Amino acid sequence: MVLSRLTDEKTNASLTMEQLYENLEKQICEKKELTQRLDEERKINVILIKTISHDLANPLFAIKSYLEMISTGRILQKDYGQTLGRISDCTKSALDMIQRIRNAILTRNQSSLTKIESVDINLSVTNLLTLFETRLHEKNIQVIYDYEANKETFVAAELKTLTEHVFSNVLSNALKFSYANSTIRILVTEKDKHVYVEFVDNGMGFNQLRSERGYIHPNQATDGEMGPGLGLIIMGHFLRKFEGTYNISSEGQGKGTKVLIQLKKIHQQRLVNAS
């Protein structure tokens, strides 16, 4: 009886140690996730502050300068029309930046509602190209994509989020940094349990030094637009929810950019729980 009690106590002690280890591992994982979220929040806040204090300030200072020149007579009355046009452009630029910031904040707040499902890659690309039809036409850029080869390719994601906050950010940057009358290729490959979606442009590219310093592209795009920042962080935020990743590479300045997105492969009708 005494031996039995000692055996039970030893077993209970062993179970207790196992539970302690399990709890410890769980706490370590939770701490890592919290650290990752806090780091993400910090990065997004830095970009928001930079956008407000620098990018948004530029058009406002330009408007202020134009108004001062008008009030002091340094701009002739015959040039008022041209000057007012410039003021209008600066105003639109400032309002667009404010809207992008608001959209980014709203997107992050809504991310907890994202449900992971089986997403048809062809459908996502179709919706994507519809969204960018006008911009593609403006720069006469052709997107090359093989629908037939990918008609049975499905990934674990959420259709609207994958299209508008992942693929959209990549294609938007590819458009910004691509030259007119060029092409952008979207390549899809499957390997083991993953699907790889690669966006390849023939635009400005970037060198390794810029990459190491945290700059993904040159400061200015081919049409004068500002480079990416907040969009890529939002994209990474959702890819982590889909258990996906992305990688950006370039062979150098003027040699284009490749963005490789890794997603989980899934069968057409199979649904998975949100992470």
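Asparagine 140 sits in the loop that runs between helix H5 (133-138) and strand E2 (142-144). The model is predicted. Its largest nonpolar core has 40 residues, and Phe167, Phe199 and Ile261 are those with the most contacts inside it.

**Backbone angles in loops**

- Most residues other than glycine have a negative phi.
- Asparagine 140, which is not a glycine, has a positive phi, near 50°.
- Glutamate 243 also is not a glycine, and its phi is positive at about 60°.
- The loop that holds glutamate 243 lies between helix H8 (230-241) and strand E6 (245-249).
- Glutamate 243 has a relative accessibility of 48% and therefore counts as partly exposed.

**Helix H4**

- Helix H4 spans residues 121-131, and its buried residues are Ile121, Asn122, Ser124, Val125, Leu128 and Leu129.
- Viewed down the axis of H4, these buried residues fall within an arc of 160°, so they line one face of the helix.
- An α-helix has 3.6 residues a turn, so residues three or four places apart point the same way.
- The N-terminal end of H4 is capped by aspartate 120, which has a side-chain oxygen 2.9 Å from the backbone nitrogen of asparagine 122.

**Threonine 153**

- Threonine 153 belongs to the loop between E2 and strand E3 (154-157).
- With a relative accessibility of 1%, threonine 153 counts as buried, because the limit is under 20%.
- Its side chain makes a polar contact of 2.9 Å with the side chain of glutamate 190.
- Not counting residues up to four places away in sequence, threonine 153 touches Val119, Asp120, Ile121, Val188, Glu190 and Val195.

**Aromatic pairs**

- The count of aromatic pairs is 2.
- Tyrosine 145 and tyrosine 147 form an edge-to-face pair, because their ring planes stand at 85°, with the ring centres 4.7 Å apart.
- Tyrosine 145 counts as buried at 12% relative accessibility, whereas tyrosine 147 is partly exposed with a relative accessible area of 33%.
- Phenylalanine 167 and phenylalanine 199 make a tilted pair, with 5.6 Å from centre to centre and 50° between the planes.
- Phenylalanine 167 is in helix H6 (residues 159-176) and phenylalanine 199 in strand E5 (residues 194-201), so this pair ties together parts that are 32 residues apart in sequence.
- Both phenylalanine 167 and phenylalanine 199 are buried.

- Neighbours within four places in sequence aside, phenylalanine 167 is in contact with Ile121, Ser124, Leu128, Leu162, Val197, Phe199, Ile261 and Leu263.
- Another core, of 5 residues, lies apart from the largest one and includes Ile63, Tyr66, Ile75 and Ile87.

Notes: Residues numbered from 1 in each chain as written. Predicted model: local features only at pLDDT ≥ 70, side-chain atom pairs only at ≥ 80, totals over all residues. Heavy atoms only, no water. Buried < 20%, exposed > 50% of the residue type's maximum accessible area, 1.4 Å probe, protein only. Helix = DSSP H or I, 4+ residues; strand = E, 2+ residues; numbered from the N terminus. Arc of directions from axis to C-beta. Polar contact = N/O pair within 3.5 Å; in protein donor to acceptor, adjacent residues only side chain to side chain. Contact = heavy atoms within 4.5 Å. Phe/Tyr/Trp six-rings, centres within 6.5 Å; stacked < 30°, edge-to-face > 60°. Core = buried A, V, L, I, M, F, W, Y, C linked by side-chain atoms within 4.5 Å.
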